[in-house]
Amino acid sequence: MIKLVLCRHGQSQWNLENLFTGWTDVDLSPKGEEEAREAGRLLKKDGYSFDVAFSSVLMRANRTMDLILEELGESNIEKHYSWRLNERHYGALQGLNKADSAKKWGDEQVHIWRRSADVPPPALTKEDPRFPGNDPKYQALVKSGEMEEKDLPLTECLVDTAKRVKPYFDSTIAPAIKAGKKVLIAAHGNSLRALVMELEHLTAAEIVSVEIPTGKPLVYELDEKDLKVLNKYYL
């Protein structure tokens, strides 16, 4: 039996301000920093240690990973960062206040955009500064070959997010787990929900009701051979 630990980043500054964040690169709030440190303390208390950690290319997830590992005294372990673990892109909602958006489009429509698995929010145009293709970070990833132009989203639903998370899990994370490495993944609400879909073989309809809290380590106990889920729980 192998244990895999997932942790959604602690509260971000935009979580605090009730804004749609998506790929916007914002830092943790003071509360989020404490949530990340508490996650590390919980893992340490229960005897966890890690060989390798995976995160997105967004600051709030990176900082969460770093703070957890700092609490564990394991800051120097192997780390990997991938855009494939980024939060889902909220399109034209990104940067908008959630309450104001509900007033503009209606509670029901905004709820559909937020919680349904296969309905994306309104798309950006490529001229919009919020389009990742206008961000030097993603321009560099395209130039290096780590991303392709077609990978730069104008908007995403959860199913779209799952389509980029799954290949990374299959090609990079799963082999590390099967090799016996103790793995930590620090990422985002929707990229982790996409991973939960993969691990638990959930349908788009079933994942809708799954909510992952900030800063709470989620442990999966997996069969060593095929990574079948044997048990799961929060610390």
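Two strands are said to pair if DSSP finds at least two bridges between them, and helices (H or I, at least four residues) and strands (E, at least two) are DSSP runs numbered from the N terminus. With those terms, Leu218 has Tyr234 in strand 6 as its bridge partner. The structure is a predicted model, in which local features need pLDDT of at least 70 and side-chain atom pairs count only at pLDDT 80 or more, while totals for chains, interfaces and linings use all residues. Residues are numbered from 1 along each chain as its sequence is written, and side-chain values use heavy atoms, with hydrogens and water left out.

**Strand 5 and its partners**

- Strand 1 (2–8) and strand 5 (218–222) run antiparallel and are joined by 5 bridges, and Val5 stands opposite Val219 of strand 5.
- Strand 5 also pairs with strand 6 (residues 229–234), again in the antiparallel sense and over 5 bridges.
- In strand 5, 5 of the 5 residues are buried, so this strand is largely enclosed by the rest of the structure; buried here means under 20% relative accessible area, exposed means over 50%, and partly exposed lies in between (1.4 Å probe, protein chains only).
- In a regular strand the side chains alternate between the two faces of the sheet.
- Both faces of strand 5 are covered, with Leu218, Tyr220 and Leu222 buried on one side and Val219 and Glu221 buried on the other.

**The nonpolar cores**

- A nonpolar core is a set of buried Ala, Val, Leu, Ile, Met, Phe, Trp, Tyr and Cys residues joined through side-chain atoms within 4.5 Å.
- The largest nonpolar core has 33 residues, of which Leu4, Leu6, Phe54, Ile177, Val183 and Ile185 touch the most other members.
- At least two residues of this core are supplied by each of strand 1, strand 2 (52–55), helix 7 (158–178), strand 4 (183–187), helix 8 and strand 5, and the largest share, 9 residues, comes from helix 7.
- Apart from this core lies another, of 15 residues, among them Met65, Ile68, Leu69 and Ile77.
- Leaving aside neighbours within four places in sequence, Leu4 is in contact (heavy atoms within 4.5 Å) with Ile177, Val183, Ile185, Leu199, Leu218, Val219, Tyr220 and Leu222.

- The buried residues of helix 5 (107–115) are Val110, Trp113 and Arg115, and they pack against helix 4 (98–105) and helix 8 (189–200).
- The largest pocket has a volume of about 230 Å³, where a pocket is an open set of points on a 1 Å grid over the protein atoms alone, at which a 1.4 Å probe fits, with protein on both sides within 12 Å along at least five of seven lines.
- Grid points are joined across faces, edges and corners, and the volume is the space filled by probe spheres set on the points.

**A buried arginine and an exposed lysine**

- Arg164 is found in helix 7 and is buried, with a relative accessible area of 4%.
- The side chain of Arg164 makes a polar contact with the side chain of Glu156 (2.8 Å); a polar contact is a pair of N or O atoms within 3.5 Å, where within protein one must be able to donate a hydrogen and the other to accept it, and residues adjacent in sequence count only if both atoms are side-chain atoms.
- Not counting residues up to four places away in sequence, the residues that Arg164 touches include Trp23, Trp83 and His89.
- Lys126 lies in the loop between helix 5 and helix 6 (136–144) and is exposed, with a relative accessible area of 52%.
- Lys126 and Pro153 are 27 residues apart in sequence and 9.4 Å apart in space, C-alpha to C-alpha.

**Positive phi values in two loops**

- Most residues other than glycine have a negative phi.
- His201, in the loop between helix 8 and helix 9 (204–207), has a positive phi of about 55° although it is not a glycine, and His201 is exposed, with a relative accessible area of 69%.
- Strand 5 and strand 6 form a hairpin with 6 residues between them, and Leu227 in the turn has a positive phi of about 60°.
- Leu227 is buried, with a relative accessible area of 8%.

Note on methods: On a 1 Å grid over the protein atoms alone, a cavity is a set of points where a 1.4 Å probe fits but cannot get out, and a pocket is an open set with protein on both sides within 12 Å along at least five of seven lines; lining residues have an atom within 4 Å of a point.
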